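Dear colleague,

Please find below the sequence and structure that I am handing over to you. A summary of what was found follows directly after it.

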Amino acid sequence: MQLSILDYSPIFEGRTPQEALNHSVNLARYAEKLNFHRYWLAEHHQVHSVASTAPEILATMILEQTSRIHVGAGGIMLPHYSPYKVAETFKMLEARHPGRVDIALGKSPSFQNVSQALNEGKQTLTDFDQQLIDLKKYFNNDTSSPHRFQHLKAMPIIETQPQFCILGTSENSAERAAQLGAIFVFGAFGQRTAEKQRIVQHYRKQFQHYHPAGQPYVIVSTFVLAHEDSQIRAQLEDSLHYWLQRIHYLKQPKTLLSLETIQQKNWSERELEKRAENEARIISGDGETVAQELHELQRTFDADELLLFPQLYGEENRKHCLALIAKHV
């Protein structure tokens with residue numbers, strides 16, 4: 001089973017953004033030694049506890065410090081940007097590190113003021129599906145097909161191109177990925193299992209319809225937490241659950257809380273309800289239990305790959321989590 005990592009580059013309590021970025025680079029090098037397949041960086045804005053606001057920049061740092069692992073953005077929220085600029089940014093990365101660069105595209109709007117700031121001065125926004133078509137054109141340097149910028153090429157001209165992926169949780173996202181011949185990265189959150197399976201099956205069926213000679217590829221994502229010490233694991237779970245609840249609040253935490261701080265937390269009834277709702281988003285346990293659940297997740301969706309989110313407090317806890325999973329899976 002192919003395993004990969006999505007890193008939010010968390011800022012731990014008592015640490016700085018510089019330390020968070022340095023840790024992400026070091027963790028990516030460690031993941032490469034453990035033979036993880038990809039190391040992706042998230043894009044988050046106005047989230048105080050996350051250092052990964054420009055994943056293409058952090059990806060550059062990591063590509064320069066690794067040699068085999070695929071590195072990329074998971075993802076780029078394309079509606080905020082020019083597809084032409086995104087294409088040239090990722091083609092530069094691909095030119096420097098051919099065959100190792102990934103780009104996963106999403107359309108999350110972020111906070112309202114963030115969207116306004118990122119799109120300041122734009123009279124209208126280009127349709128997301130058109131943006132995806134534009135990006136494919138620039139990656140392929142297609143100047144023969146009709147297009148509003150038909151003869152425009154994205155530089156540099158190279159023989160390879162970044163791996164193209166679509167993020168999503170809906171049938172519309174599955175359809176987009178199938179039409180474009182892209183990898184479908186499915187966040188297995190929220191829907192009932194039968195509905196989730198139907199969405200993935202729709203992608204596979206439509207992919208074969210649009211690309212009979214091609215091969216569909218599904219990546220399923222989940223939060224993971226592996227530790228053999230049940231007490232430490234419970235504290236790590238508390239820290240993660242608190243972060244998951246609070247990141248969208250106006251008074252969000254400035255950091256990912258330490259195990260010492262989270263023990264002082266008194267959970268309200270509403271917080272406990274929200275926590276129960278989020279339980280299904282996290283695979284947690286000792287190494288063997290997590291491995292079993294990951295295998296079950298892979299079987300449920302016939303996934304080609306699993307994308308793991310180790311959003312845990314502490315550098316050593318994150319390394320330990322990855323090592324346990326690599327050992328048992």
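In this predicted model, the largest pocket has a volume of about 990 Å³. Its lining comprises 38 residues, and those closest to the centre are Y8, H44, S108, F189 and R281. Several strands and helices each supply at least two residues of this lining: the strands are β3 (70–77), β5 (163–168), β6 (183–187), β7 (218–226) and β9 (305–309), and the helices are α8 (230–246) and α10 (269–278). Divided by class, the lining of the largest pocket holds 17 nonpolar, 16 polar and five charged residues.

Of the 13 residues that line it, K196, A280, I283, L297 and F301 lie nearest its centre. Two or more residues of this lining come from each of α7 (193–210), β7 and α11 (287–301). Helix α11 gives the most, with five residues. By class, the lining of the second largest pocket consists of six nonpolar, four polar and three charged residues.

I would also draw your attention to one histidine, H45, which is placed in the loop between β2 (38–41) and α2 (55–65). H45 counts as buried because its relative accessibility is 17%, and the cut-off for buried is under 20%. The side chain of H45 makes a polar contact of 2.6 Å with that of E43, and a polar contact of 3.5 Å joins the side chains of H45 and Y81.

With kind regards

Definitions and conventions
Residues are numbered from 1 along each chain as its sequence is written. This is a predicted model: local features need pLDDT of at least 70, side-chain atom pairs count only at pLDDT 80 or more; totals for chains, interfaces and linings use all residues. Side-chain values use heavy atoms; hydrogens and water are left out. On a 1 Å grid over the protein atoms alone, a cavity is a set of points where a 1.4 Å probe fits but cannot get out, and a pocket is an open set with protein on both sides within 12 Å along at least five of seven lines; lining residues have an atom within 4 Å of a point. Grid points are joined across faces, edges and corners, and a volume is the space filled by probe spheres set on the points. Helices (H or I, at least four residues) and strands (E, at least two) are DSSP runs, numbered from the N terminus. Ala, Val, Leu, Ile, Met, Phe, Trp, Tyr, Cys and Pro count as nonpolar, Asp, Glu, Lys and Arg as charged, and the others, Gly among them, as polar. Buried means under 20% relative accessible area, exposed over 50%, partly exposed in between (1.4 Å probe, protein chains only). A polar contact is a pair of N or O atoms within 3.5 Å; within protein, one must be able to donate a hydrogen and the other to accept it, and residues adjacent in sequence count only if both atoms are side-chain atoms.
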